[in-house]
Amino acid sequence: MVAAMESFHVSTRRRTDFVDITRQVEAAVSELGLREGVVTVFIPHTTAGITINEHADPDVMADVEAVLERLVPWRGDYAHAEGNAAAHVKASLLGSSARVLVSDGQLRLGTWQGIFLCEFDGPRTRTVWVSA
Ligand code: ZN
């Protein structure tokens, strides 16, 4: 029996923060009982995202952060009155979900790939949903 959905929480530490959640997603896949198929990792927030990228060298995500900051500076000519428009824009640029193949109960990620929760308006506690 494959359960419908698992979830877990992540506490971010800074306004912009990329947290490697690969291990938590693996644990969720195990809890789901999924052996073969595809898993969707989804974040139900409007100022955070999900992406897959290199998790061997932390400089990679530091570069991603720097480029996003240049493209979408925190202070700008935004309409959204809450004051966190840049976080919403960055969340849309990176997206709210990722899909990963599962084979023999394991995530099929490339050697250097990890799954990241992308925080753009932290620090906060975020929820991640994982569904088969
Ligand atoms: Zn807002």
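These are my notebook entries on a predicted protein model.

**Ground rules**

I number residues from 1 along each chain as its sequence is written. Because the model is predicted, I need pLDDT of at least 70 for local features and 80 or more for side-chain atom pairs, while totals for chains, interfaces and linings use all residues, and side-chain values use heavy atoms, with hydrogens and water left out.

**Entry: the overall fold**

I started with the secondary structure and found 3 helices and 8 strands. Here helices (H or I, at least four residues) and strands (E, at least two) are DSSP runs, numbered from the N terminus. Reading from the N terminus on, I noted the order β-β-α-β-β-α-α-β-β-β-β.

Next I looked up the dimensions. The C-alpha trace spans about 50 × 30 × 20 Å along its principal axes. The radius of gyration is 15 Å, which agrees with the value near 14 Å that a compact globule of 132 residues would have. That radius is taken over C-alpha atoms, and the globule rule is 2.2 Å times the number of residues to the power 0.38.

How many of the 132 residues count as buried? I found 39%. Buried means under 20% relative accessible area, exposed means over 50%, and partly exposed lies in between (1.4 Å probe, protein chains only).

**Entry: the zinc ion**

Which protein atoms are the donors of the zinc ion? I wrote down His80 (NE2), Glu82 (OE), Asn84 (OD1) and His88 (NE2), lying 1.9 to 2.2 Å from the ion. Donors are N, O and S atoms within 2.8 Å of the metal (3.2 Å for Na, K and Ca); water is not among the atoms, so sites may look incomplete. In sequence, the spacing of the donor residues reads H-x1-E-x1-N-x3-H.

The angles among the 4 donor atoms run from 92 to 149°, and the site is irregular. For four donors, tetrahedral requires all angles between 85 and 135 degrees; four count as square planar and six as octahedral if opposite donors are over 155 degrees apart and all others between 65 and 115, and anything else is irregular.

His80 counts as partly exposed because its relative accessibility is 37%, and His88 is partly exposed at 23%.

Met5 lies in strand β1 (residues 5–11) and is partly exposed, at 43% relative accessibility.

**Entry: backbone details**

Where is the cis peptide bond? It runs from Gly122 to Pro123, with omega near -5°. I placed Pro123 in the loop between β7 (113–119) and β8 (125–131).

I found Asp104 in the loop between β5 (97–103) and β6 (106–107), and it is partly exposed at 45%.

**Entry: two pairs across the chain**

Asp20 sits in strand β2 (residues 17–20). Its C-alpha atom is separated by 9.8 Å from that of Glu54, 34 residues apart along the chain.

Arg108 is in the loop between β6 and β7. The C-alpha atoms of Arg108 and Val38 are separated by 9.4 Å, with the two residues 70 apart along the chain.
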